[in-house]
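Try each task before you read its solution.

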Amino acid sequence: MAVRHVFVNRRPERVWGVLSDADRYHEWVVGTRSTVEEDGAWPQVGTTLEYDVGVGRLTVEGHTVVRLCEPPERLELEASAGRLGSARIAISVRPWGEGSLITMDEHPLRGAVARLHTAPMDVLLQLRHRLMLARLRDVVESGRSEADREAGRHV
């Protein structure tokens, strides 16, 4: 099981603004490309995002389904990469002073990723989470939120 956290210098509502924007998923989820929202309005429970995930020319079709959504505190997803299997990804966002503490917890559920789950795989997941949380922090802290864009405010 890989659990990692990061401090973000923005309030939880701002973090949630990024987590709940399906069009921004590829900006912070490592390896994700060409995201398409299916089956509902992200991130309502049951909503699915379909995408290609890969490195270089190696690409696998995948999808992520929302299993739990409690704005702006909890988002639990099941990410599937076909024959490779699926994983549970739980993201929690807590107020921390003037910012937020984001915790990501991922573990394999089914398929090859579950059968081959080992300590070295956890190390790889930790590295991926470090990069993913850094990217999420950068996306949240840079630019303008949806509310800022609608109000015409600059950050």
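Predicted model: local features only at pLDDT ≥ 70, side-chain atom pairs only at ≥ 80, totals over all residues.

**Exercise 1. Helix α4**

Task: work out which residues of α4 are buried, what covers them, and how the span of α4 compares with the expected one.

Solution: 
- Step 1. Start with the burial list for α4: Asp 122, Leu 125, His 129, Met 132, Leu 133, Leu 136, Val 139 and Val 140 are buried.
- Step 2. Look at the spacing with helix geometry in mind. With 3.6 residues a turn in an α-helix, residues three or four places apart point the same way.
- Step 3. Find the cover. The buried residues of α4 are covered by elements including β1 (2-8), α1 (12-19), α2 and β7 (99-110).
- Step 4. Check the span. Helix α4 covers residues 119-141, which makes 23 residues, and runs 32 Å from its first C-alpha to its last, close to the expected 33 Å at 1.5 Å a residue.

**Exercise 2. Ring geometry around Tyr 25**

Task: classify the pairs that Tyr 25 makes with Trp 42 and with Tyr 51.

Solution: 
- Step 1. Count the aromatic pairs, taking ring centres within 6.5 Å as the cut-off. The count comes to three.
- Step 2. Take Tyr 25 and Trp 42: the ring centres are 5.8 Å apart and the planes sit at 75°, so this pair is edge-to-face.
- Step 3. Tyr 25 is in helix α2 (residues 25-28) and Trp 42 is in the loop between β2 (32-38) and β3 (48-55), so the pair ties together parts 17 residues apart in sequence.
- Step 4. Check burial. Tyr 25 has 4% relative accessibility and counts as buried; Trp 42, at 8%, counts as buried too.
- Step 5. Now Tyr 25 and Tyr 51: at 5.9 Å centre to centre and 35° between the planes, this pair is tilted. Tyr 51 lies in strand β3 and Tyr 25 in helix α2, so here the parts tied together are 26 residues apart in sequence.

**Exercise 3. The largest pocket**

Task: which element gives the most to the lining of the largest pocket?

Solution: 
- Step 1. Size it: the largest pocket holds about 930 Å³ of space.
- Step 2. Its lining has 35 residues, and those nearest the centre are Leu 84, Glu 106, Val 113, Leu 125 and Arg 128.
- Step 3. Sort the lining by type: 25 nonpolar, eight polar and two charged.
- Step 4. Compare the elements: α4 gives the most, with five residues.

Note on methods
Residues numbered from 1 in each chain as written. Heavy atoms only, no water. Phe/Tyr/Trp six-rings, centres within 6.5 Å; stacked < 30°, edge-to-face > 60°. Helix = DSSP H or I, 4+ residues; strand = E, 2+ residues; numbered from the N terminus. Buried < 20%, exposed > 50% of the residue type's maximum accessible area, 1.4 Å probe, protein only. Expected span 1.5 Å × (residues − 1). Contact = heavy atoms within 4.5 Å. 1 Å grid on protein atoms, 1.4 Å probe; cavity = no way out; pocket = protein on both sides within 12 Å on 5 of 7 lines; lining within 4 Å. Points joined across faces, edges and corners; volume = space filled by probe spheres on them. Nonpolar A, V, L, I, M, F, W, Y, C, P; charged D, E, K, R; others polar.
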